[in-house]
Amino acid sequence: METLSFILGIAFVVVIATAIVAVYAVVKVSKISKQLEQTQQTLYRDIDLINRNINDGDQTLYRHINDVEKIVFSHIDSRLDKLVQRKQLLKG
């Protein structure tokens with residue numbers, strides 16, 4: 001009878017220890033899960049910010065290209081007009 005009581009006592013201690021470890025593991029997993037979600041949200045925000053910055057940079061670049069294109073066409077047009085005037089003066 002003493003052996004049975006001893007074995008039941010040890011089994012009870014093992015069950016309690018396992019339960020404590022299980023609860024600790026669940027709490028740890030829960031904390032890690034929350035940290036992971038926060039990290040994921042931060043990552044998504046950072047990716048969105050990077051995409052916005054890239055898009056803003058692209059728009060600025062396109063505007064600059066269009067401005068330069070207008071300046072170049074204006075300069076070419078001016079030079080072409082001067083060339084036409086010189087040709088007309090030489091003909092006339």
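Tutor: A helix here is a DSSP run of H or I with at least four residues, a strand is a run of E with at least two, and both are numbered from the N terminus. Leu80 sits in helix α1. This is a predicted model; local features need pLDDT of at least 70, side-chain atom pairs count only at pLDDT 80 or more, and totals for chains, interfaces and linings use all residues. Residues are numbered from 1 along each chain as its sequence is written, and side-chain values use heavy atoms, without hydrogens and water.

Student: How many helices and strands does the chain have?

Tutor: It has 1 helix and 0 strands. Helix α1 covers residues 2-91.

Student: What radius of gyration does the chain have, against that of a compact globule?

Tutor: The chain has 39 Å, whereas a compact globule of 92 residues would be near 12 Å. The radius is taken over C-alpha atoms, and the globule rule is 2.2 Å times the number of residues to the power 0.38. The C-alpha box is roughly 135 × 15 × 5 Å along the principal axes.

Student: What makes Leu80, Ile47 and Asn53 fall into their classes?

Tutor: Leu80 has 47%, so it is partly exposed. Ile47 has 37% and is partly exposed. Asn53, at 46%, is partly exposed too. Of the 92 residues of the chain, 0% count as buried.

Student: Which residues make the nonpolar patch?

Tutor: Phe6, Ile7, Ile10 and Val14 make a nonpolar surface patch of about 400 Å². Patch residues have over 30% relative accessible area and no salt bridge; nonpolar side chains (Val, Leu, Ile, Met, Phe, Trp, Tyr) are joined within 5 Å, like charges within 9 Å. A salt bridge is a side-chain nitrogen of Lys or Arg within 4 Å of a carboxyl oxygen of Asp or Glu. Areas come from the Shrake-Rupley method with a 1.4 Å probe, and for residues only the protein chains shown count as cover.

Methods. Buried means under 20% relative accessible area, exposed over 50%, partly exposed in between (1.4 Å probe, protein chains only).
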